[in-house]
Amino acid sequence: MSSMNLFLRLPVSGRIFTSKGLVHNYRFSSTAWPYVKDTYINDFKIIDQSKNHEYSKSIHAFHCMVYAKMNEQNFTIQRPRGCALMQMRFDGYLGFPGGLVDPGEDVIHGLNRELEEEMNLDLSKHKVTEKDFVFSQHSSSRELTLHFYALETTLPELEKIEAGVHQAKDYGSEVLGLVRVPLYTMRDGFRGFPAFLTHAFIGSAREQLLHTLQHLKIMTPQEISNALSAKPNKS
């Protein structure tokens with residue numbers, strides 16, 4: 001079966017995953033790991049950007065993954081093909097920097113404002129533009145539309161962003177720190193990325209991560225599917 005025809009049903013998560021990404025065509029659990037209790041039913045569906053006007057009356061929010069592509073060995077483990085940043089939120093959940101669109105504010109301006117406030121991002125060097133757009137989602141139960149972006153930097157620049165986050169306006173209140181996503185799987189088939197996916201993610205953050213890693217060709221659909229279905233070795 002070719003990757004273009006890959007169509008896998010993942011029983012542990014109740015979601016459908018295809019070569020084109022995550023498809024949310026029915027209500028399903030927000031949790032990819034059966035041992036984590038859901039806080040709500042996640043009914044976000046991927047929507048066509050050209051039809052965003054149909055959701056103009058909903059609440060709009062924006063988030064961004066800052067990342068760098070790399071192929072450097074990390075001590076004795078496999079070589080990760082990228083370095084992606086998430087954040088530990090004030091409520092204990094993992095998520096991405098961003099927030100709600102303020103009245104009269106456009107998405108790009110608002111997202112860059114949030115990145116500066118939450119990550120201390122130097123907007124003279126790094127600024128999100130429309131070319132960084134990845135996809136949008138909509139939740140009919142909450143009348144909420146999410147817009148997701150991915151901002152690429154070099155690894156040295158990403159490390160500077162990590163080092164400077166403590167100077168961010170929202171550090172210590174809304175944001176408790178940045179987290180590197182372990183984009184590798186260790187020899188036991190679970191430690192690394194699969195184990196990372198068992199943590200608690202806010203809202204649609206896990207789906208945003210998985211969809212974007214595939215969109216950027218950092219991970220293949222099969223690798224993501226394997227990570228979602230992996231279980232710890234009990235021996």
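Colleague: Where in the chain is the place of Ser-139?

Modeller: Ser-139 sits in strand 11. Keep in mind that this is a predicted model: local features need pLDDT of at least 70, side-chain atom pairs count only at pLDDT 80 or more, and totals for chains, interfaces and linings use all residues. Residues are numbered from 1 along each chain as its sequence is written, and side-chain values use heavy atoms, with hydrogens and water left out.

Colleague: What makes something a strand or a helix here?

Modeller: Both are DSSP runs, numbered from the N terminus: helices are H or I with at least four residues, strands are E with at least two. By that rule the chain has five helices and 13 strands.

Colleague: Back to Ser-139. Why does Ser-139 count as buried?

Modeller: Buried means under 20% relative accessible area, exposed is over 50%, and partly exposed is in between (1.4 Å probe, protein chains only). Ser-139 comes out at 0%, so it is buried. Across the chain, 51% of the 235 residues are buried.

Colleague: Now helix 1. How do you know whether helix 1 has its expected span?

Modeller: The expected span is 1.5 Å times one less than the number of residues. Helix 1 (107-119) has 13 residues, and its first C-alpha to its last reaches 17 Å, close to the expected 18 Å.

Colleague: Is helix 1 enclosed or open, and how do you know?

Modeller: Of its 13 residues, 10 are buried, so helix 1 is largely enclosed by the rest of the structure. The buried ones include Ile-108, Leu-111 and Leu-115, but also Arg-113 and Glu-114. Among the elements that the buried residues pack against are strand 7, strand 8 and helix 2 (155-164).

Colleague: Which residue caps the N-terminal end of helix 1?

Modeller: Asp-106 does: one of its side-chain oxygens lies 3.1 Å from the backbone nitrogen of Ile-108. Past the helix comes Asn-120.

Colleague: What makes Asn-120 worth a remark?

Modeller: Its phi is positive, about 60°, although Asn-120 is not a glycine. Most residues other than glycine have a negative phi. Asn-120 is in the loop between helix 1 and strand 11, and its relative accessible area of 35% makes it partly exposed. Glu-143 also has a positive phi, about 50°, without being a glycine. Glu-143 belongs to the loop between strand 11 and strand 12 and is partly exposed too, at 42%.

Colleague: Why is the pair of Phe-133 and Tyr-149 called edge-to-face?

Modeller: Rings of Phe, Tyr and Trp (its six-membered ring) pair if their centres lie within 6.5 Å; planes under 30 degrees apart count as stacked, over 60 as edge-to-face and the rest as tilted. Here the centres are 5.5 Å apart and the planes at 75°, so edge-to-face it is. Phe-133 is in strand 11 and Tyr-149 in strand 12, 16 residues apart, so the pair links distant parts of the chain. Both residues are buried. The structure has four aromatic pairs, and ring pairs also link Phe-96, Phe-135 and Phe-148 into a cluster.

Colleague: What makes a set of residues a nonpolar core?

Modeller: A nonpolar core is a set of buried Ala, Val, Leu, Ile, Met, Phe, Trp, Tyr and Cys residues joined through side-chain atoms within 4.5 Å. The largest one has 26 residues, of which Met-65, Met-86, Phe-193 and Leu-209 touch the most other members. Helix 4 gives the most to this core, four residues. Apart from it there is another core of 19 residues, including Leu-121 and Phe-133.

Colleague: Finally, Asp-188: where is it found?

Modeller: In the loop between strand 13 and helix 3. At 31%, Asp-188 is partly exposed. A polar atom of its side chain lies 3.0 Å from the backbone nitrogen of Phe-190.

Technical notes:
Contact means heavy atoms within 4.5 Å. A polar contact is a pair of N or O atoms within 3.5 Å; within protein, one must be able to donate a hydrogen and the other to accept it, and residues adjacent in sequence count only if both atoms are side-chain atoms.
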